[in-house]
Amino acid sequence: MSSVSFRNAECRYPGADRPAVSGLDLEIADGEFLVLVGPSGCGKSTSLRMLAGLEQVTSGQILIGDVDVTTTPPKDRDIALVFQSYALYPHMTVAENIAFSLRIGGVDKAEQRRRVGETARLLGIDDLLGRKPKELSGGQRQRVAMGRALVREPAVFCMDEPLSNLDAKLRVSTRTQIAALQHRLGITTVYVTHDQVEAMTLGDRVAVMKDGVLQQVDTPLALYDEPANLFVAGFIGSPAMNLLDAGLADGQAEIGTFQVPLERSALTRATGPVTLGIRPEAFRLNGADGGIPVRIHLVEELGSDAFLYGATYGDAQPRDVVIRVGARSGHRSGEVVHVTADPGAVHVFDTASGQRL
């Protein structure tokens, strides 16, 4: 097993006005499951491909263990890849697909059979070894693609949105299997996804990227509880954190009658207006008046709980708000509710810089 280090790594495509990945500094521990997450075009897949040797590193270094692999050919990096596309050979059986890299590498047939059998049992596909890809479901094909990578016993396992082609229910079950498998094998894994729910449930740590720049890397709960900036706050969480512009007066942030006292250090760092971040579950319904008035536009009943989607009421520029409430709360579209939140559950950001105060 091996650790992975990105040291001020950059990738710039010819003619581009900015790097696809800029100054990436990231340490991934031996055996860690790290998830790279962000919107399309943020540089997460490019970072993974730089690690695999499929994209050229314009400047900086990438190390696997203590070895600088910045200019090492992909075949010599001891990395296994699983892509969004299964890329299975349709004319080969499952066993032949899994064993392909071993056969190309000159591994003797007895060892091939042993390792293919072990990998298939690990993935729960040992009863499918004689089938062709066309006879498999999407989830089974994905496990075959994983088996083809795992059978090589790589130093680093790279996955680029491997569950994107699966339906929602199958994605949930397969990501559970991936997490359990990685923890069992202890292979250093770098996993790319745009799905923040997937990132939060899979990763030991999650690295959030935007426009080629690493925004924050931490454990899933730390990202949720203490986002470093407005982008991370709005990206992590489902539904997303409510971000509400607020005025400053007498050492407090104000939205109508709702006030949040600010620490002196936050006030001195603020360069102007602030933005309050409030998770949907942090809101409390406040009876008939007081707090922030919100007109409900949609009630989303999920069985175990419900979400009220609406907008601040009475503002010249209404702000979208999502409130989590108990199931069967009885609220209806068009209703106006008043909400408050414990100041300790409110995040405060500098609006201009986006940084957490």
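User: What does Phe100 count as: buried, partly exposed or exposed?

Analyst: Start with the cut-offs. Buried means under 20% relative accessible area, exposed means over 50%, and partly exposed lies in between (1.4 Å probe, protein chains only). Phe100 has 21% relative accessibility, so it counts as partly exposed. One caution: this is a predicted model, where local features need pLDDT of at least 70 and side-chain atom pairs count only at pLDDT 80 or more, while totals for chains, interfaces and linings use all residues. Residues are numbered from 1 along each chain as its sequence is written, and side-chain values use heavy atoms, with hydrogens and water left out.

User: Where is Phe100, and which residues does it touch?

Analyst: Phe100 sits in helix α2, residues 94-104. Helices (H or I, at least four residues) and strands (E, at least two) are DSSP runs, numbered from the N terminus. Contact means heavy atoms within 4.5 Å. Leaving out residues up to four places away in sequence, Phe100 touches Tyr89 and Met92. Its C-alpha atom is 9.2 Å from that of Gln112, twelve residues apart along the chain.

User: Now Thr340. Is Thr340 buried or exposed?

Analyst: Thr340 counts as buried, because its relative accessibility is 12%. Thr340 belongs to strand β19. Its contacts, beyond residues up to four places away in sequence, include Phe258, Phe283 and Arg284.

User: How many helices and strands does the whole chain have?

Analyst: Nine helices and 20 strands. Of its 357 residues, 48% count as buried. Among contacts with a separation of 6 or more, 66% join residues 24 or more positions apart. The C-alpha atoms fill a box of roughly 75 × 45 × 35 Å along the principal axes.

User: How do I read a sheet? What is the strand order in the open sheet of six strands?

Analyst: Strands of a sheet pair through backbone hydrogen bonds, either parallel or antiparallel. Here two strands pair if DSSP finds at least two bridges between them. The order is β6-β7-β8-β3-β9-β10, and the pairing is mixed. The edge strands are β6 (79-82) and β10 (213-218), each pairing on one side only. From one strand to the next, the twist averages 20°. Angles run from 0 to 180 degrees between N-to-C directions, and axes are lines fitted to C-alpha atoms, for helices over the stretch in contact.

User: Which way do β3 and β8 run, parallel or antiparallel?

Analyst: Parallel. Five bridges join β3 (residues 33-37) to β8 (residues 188-193). Look for Val35: it stands opposite Tyr191 in β8.

User: And how do β9 and β10 run, parallel or antiparallel?

Analyst: Antiparallel. Five bridges join β9 (residues 205-210) to β10. Val208 faces Gln216 in β10 as its opposite. The two strands form a hairpin with two residues between them. Asp211 in that turn has a positive phi of about 50°.

User: Which helix lies across β6 and β7?

Analyst: Helix α4, residues 138-150. It runs at about 170° to β6.

User: What is the order in the open sheet of five strands?

Analyst: Read β15-β19-β16-β17-β18, with antiparallel pairing. Its edge strands are β15 (283-285) and β18 (320-326), each of which pairs on one side only. The twist averages 50° from one strand to the next. Strand β17 (residues 305-312) and β18 pair over seven bridges. There, Gly310 has Val321 in β18 as its bridge partner.

User: Where is the cis peptide bond from a serine to a proline?

Analyst: Between Ser238 and Pro239, with omega near -5°. Pro239 lies in the loop between α8 (230-235) and β11 (242-249).
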